[in-house]
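Dear colleague,

Please find below the structure that I am handing over to you. My notes on what was found in it follow directly after.

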Amino acid sequence: MIVVTGAAGFIASHLCKKLNSHGIKNIILVDDFTQKRKQKNWENLEYTDKIQRERFFQWAEQNVQHIDFIFHLGARTDYYATDYDIFDALNVDYSQRVWSFATYKRIPLIYASSYLTNNPQQLSLYAKSKLTFDHWLEKQQQTPPFWAGLKFFQVYGNNEAHKAENASTVYKMALNVTENKTMFFAERNIIQDYIYVNDVCKILFYFLNHTPQSGIYEAGTGFARPLQTVTDTVNKFAPQDKKLILVYPKEEPLVFQANLSKLRKYAYKQAFLTLEQGVRRVIV
């Protein structure tokens, strides 16, 4: 069986859909399934069982002999939250327990890190928690038989509605078009690496089937795009009367671009969708 934590969320629900498309249905979904706003992300998936997040370790101990692989994609991803305790509980402590379980039971593990850990001078509480876990595991002498941490850059696509203000820039721009809101206000001037969610799932599926060198990999397209370029791309597919007007601070931009040298050397080598190809799939 394949365990997928965060299965009702954005990336994980798409991963489960990809697994289903390859005939894989022996999936254990792990998440907080009491959140009705996420229900449409998982209700049409084919799976063996779904487990409430707080019950996972009890269930796992009882079913360890059946677990072949763990995708730990569950996390608290609220970039605007101000209470670190919830990040510490879910992104650090819970992840350490998943790591320890996979280590002692000899189960391959992939977990989600974040590109935001690459800028330690401007860490949100979410990014701080992710960086704390990354640093913790790098000190561990005992590891799963294979493990990989993927520093996802800005992933975009469908199934983001539940993320609200934490959704990707592409998704929020597409939502503006749908809701006839022509002004798009960005909080920061950011040159960003945007990767379509299906490409992320292809990377994850590759790791499931090939288990290359263990370690932390950056996962983006390797190309960073200014906000105006993203706006112009969205406008290519928007009706004439719904074109977006971008408003953003004219400050020195933050730049986030994935370094793909490690991913390309040891693992996934296929091309990614261009921004235009990905945006077309979100809007059209």
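His72 has Tyr111 in strand E5 as its bridge partner. The two strands concerned, E4 (residues 69-72) and E5 (residues 109-114), run parallel and are joined by three bridges. Please keep in mind throughout that this is a predicted model.

These strands belong to an open sheet of seven strands, ordered E3-E2-E1-E4-E5-E6-E10 and paired in parallel. Which strands stand at the edges? They are E3 and strand E10 (215-219); each has a single partner strand, so one side of each is left without a neighbour in the sheet. From one strand to the next, the twist averages 20°.

Helix H5 (residues 125-138) lies across E5, strand E6 (147-152) and E10, and runs at about 135° to E5.

I would next draw your attention to strand E2. All five of the five residues of this strand (residues 27-31) are buried, so E2 is largely enclosed by the rest of the structure. The cover extends to both faces: Ile27, Leu29 and Asp31 are buried on one side, and Ile28 and Val30 are buried on the other. E2 pairs with strand E1 (residues 2-5) in the parallel sense over four bridges, and Leu29 of E2 stands opposite Val4.

Phe133 is part of helix H5. Its relative accessibility is 2%, and because buried means under 20%, Phe133 counts as buried. Leaving aside residues up to four places away in sequence, Phe133 touches Asn91, Val92, Ser95, Gln96, Trp99 and Tyr111. Of these contacts, Asn91 shows how the fold brings together parts of the chain: Phe133 and Asn91 are 42 residues apart in sequence, and their C-alpha atoms are 7.4 Å apart in space. The other residue, Asn119, lies in the loop between E5 and H5. Is Asn119 buried or exposed? With a relative accessible area of 14%, Asn119 is buried. Asn119 touches Leu254 and Phe256, again not counting residues up to four places away in sequence.

Helix H6 (residues 169-178) is mostly covered, with seven of its ten residues buried. The buried residues are Thr169, Val170, Tyr171, Met173, Ala174, Asn176 and Val177. What do the buried residues of H6 pack against? Their partners are strand E7 (154-156), strand E8 (183-185), strand E9 (190-196), helix H8 (227-237), strand E12 (245-247) and helix H10 (275-283). Just after H6, Asn180 takes a positive phi of about 60°.

Helix H10 has Leu275, Gly278, Val279 and Val282 as buried residues. They cover an arc of only 95° around the axis, which puts them on the same side of H10.

Finally, I turn to the cysteines. How many disulfides does the structure hold? The number is zero. Cys16 is in no disulfide, and the nearest cysteine sulfur, that of Cys201, is 8.8 Å away. Cys201 is likewise in no disulfide, its nearest cysteine sulfur being that of Cys16, 8.8 Å away. A disulfide requires the two sulfur atoms to be within 2.5 Å.

With kind regards

Technical notes: Residues are numbered from 1 along each chain as its sequence is written. This is a predicted model: local features need pLDDT of at least 70, side-chain atom pairs count only at pLDDT 80 or more; totals for chains, interfaces and linings use all residues. Side-chain values use heavy atoms; hydrogens and water are left out. Buried means under 20% relative accessible area, exposed over 50%, partly exposed in between (1.4 Å probe, protein chains only). Contact means heavy atoms within 4.5 Å. Two strands pair if DSSP finds at least two bridges between them. The arc is that of the directions from the helix axis to the C-beta atoms. Axes are lines fitted to C-alpha atoms, for helices over the stretch in contact, and angles run from 0 to 180 degrees between N-to-C directions.
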